[in-house]
Amino acid sequence: MILYHGTNTEIAQIDLMQCRPFKDFGRAFYLSEIRSQADEVAHSRTIFFGGTPMVHQFEFDETILQSGELKVKRFEGYTREWANFIFLNRNATTPEAMHDYDVVYGPIANDRVGLQIRRFQDKAIDIDQFVAALEYMRGITFQYAFCTQKAIQTLQRL
């Protein structure tokens, strides 16, 4: 399969330490199967941080996800478990991984995650409302988070 990463800078080599911590699935290199989604991310990053929008393409043998070679966590939809996982990673107190998965696959949360986390922490919403509030406004789309160097080594740049 081909996966895409939208950004505002050239990536000579994937370096997890350059990836931002406290994201949905933790510090990771995030990719999408949808080229237009990566284009949008690249454009947004350029607006906020400058640079040039670019989309990097990688080939990934998805059979690795079932081979047992990597520790994989899959979320097939918007669930309480998915929302709690995002809460854990977004609300971490240190940038270290809050889990030991090599790859995490699951839905993208909406752009207002921080606001929803505060509402959930303040008990203004319950877990089911939290799940619903995190649903991506444009419909469900999925992301791959490559969380370890071992996982990143399975990506082949095109």
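Trainee: Where is Lys123?

Mentor: Lys123 sits in the loop between helix 4 and helix 5. Helices (H or I, at least four residues) and strands (E, at least two) are DSSP runs, numbered from the N terminus.

Trainee: What kind of model is this, and how are residues numbered?

Mentor: This is a predicted model, in which local features need pLDDT of at least 70 and side-chain atom pairs count only at pLDDT 80 or more, while totals for chains, interfaces and linings use all residues. Residues are numbered from 1 along each chain as its sequence is written, and side-chain values use heavy atoms, with hydrogens and water left out.

Trainee: Back to Lys123: is it buried or exposed?

Mentor: Lys123 counts as exposed, at 72% relative accessibility. Buried means under 20% relative accessible area, exposed over 50%, and partly exposed in between (1.4 Å probe, protein chains only).

Trainee: What about the phi of Lys123?

Mentor: Phi of Lys123 is near 65 degrees, a positive value in a residue other than glycine. Most residues other than glycine have a negative phi. Phe22 also has a positive phi, of about 65 degrees, although it is not a glycine. Phe22 lies in the loop between strand 1 (2-7) and strand 2 (29-31), and is partly exposed at 32% relative accessible area.

Trainee: On to helix 4, then. Which of its residues are buried?

Mentor: Val113, Gln116, Ile117 and Phe120 are the buried residues of helix 4. Seen down the axis, they fall within an arc of 105 degrees, so they line one face of the helix. The arc is that of the directions from the helix axis to the C-beta atoms.

Trainee: And what covers them?

Mentor: The cover includes helix 3 and helix 5. Val113, Gln116, Ile117 and Phe120 of helix 4 meet Ile127, Phe130, Ala133 and Leu134 of helix 5; contact means heavy atoms within 4.5 Å. By class, this contact has seven nonpolar, one polar and no charged residues. Ala, Val, Leu, Ile, Met, Phe, Trp, Tyr, Cys and Pro count as nonpolar, Asp, Glu, Lys and Arg as charged, and the others, Gly among them, as polar.

Trainee: How do the axes of helix 4 and helix 5 cross?

Mentor: The two axes come within 10 Å and cross at roughly 175 degrees, which makes helix 4 roughly antiparallel to helix 5. Axes are lines fitted to C-alpha atoms, for helices over the stretch in contact, and angles run from 0 to 180 degrees between N-to-C directions. Angles under 35 degrees count as roughly parallel, over 145 as roughly antiparallel, 65 to 115 as roughly perpendicular and the rest as oblique.

Trainee: How about helix 3 and helix 4?

Mentor: Their axes come within 11 Å and cross at roughly 100 degrees; helix 3 and helix 4 are therefore roughly perpendicular.

Trainee: Which residues have the most contacts inside the largest nonpolar core?

Mentor: They are Phe25, Trp82, Val104, Phe130 and Leu134, in a core of 21 residues. Helix 3, helix 4 and helix 5 are the elements that give two or more residues to this core. A nonpolar core is a set of buried Ala, Val, Leu, Ile, Met, Phe, Trp, Tyr and Cys residues joined through side-chain atoms within 4.5 Å.

Trainee: Last one: where is Gly51 found?

Mentor: Gly51 is in the loop between helix 1 (35-49) and strand 3 (54-59). Gly51 is exposed, at 55% relative accessible area.
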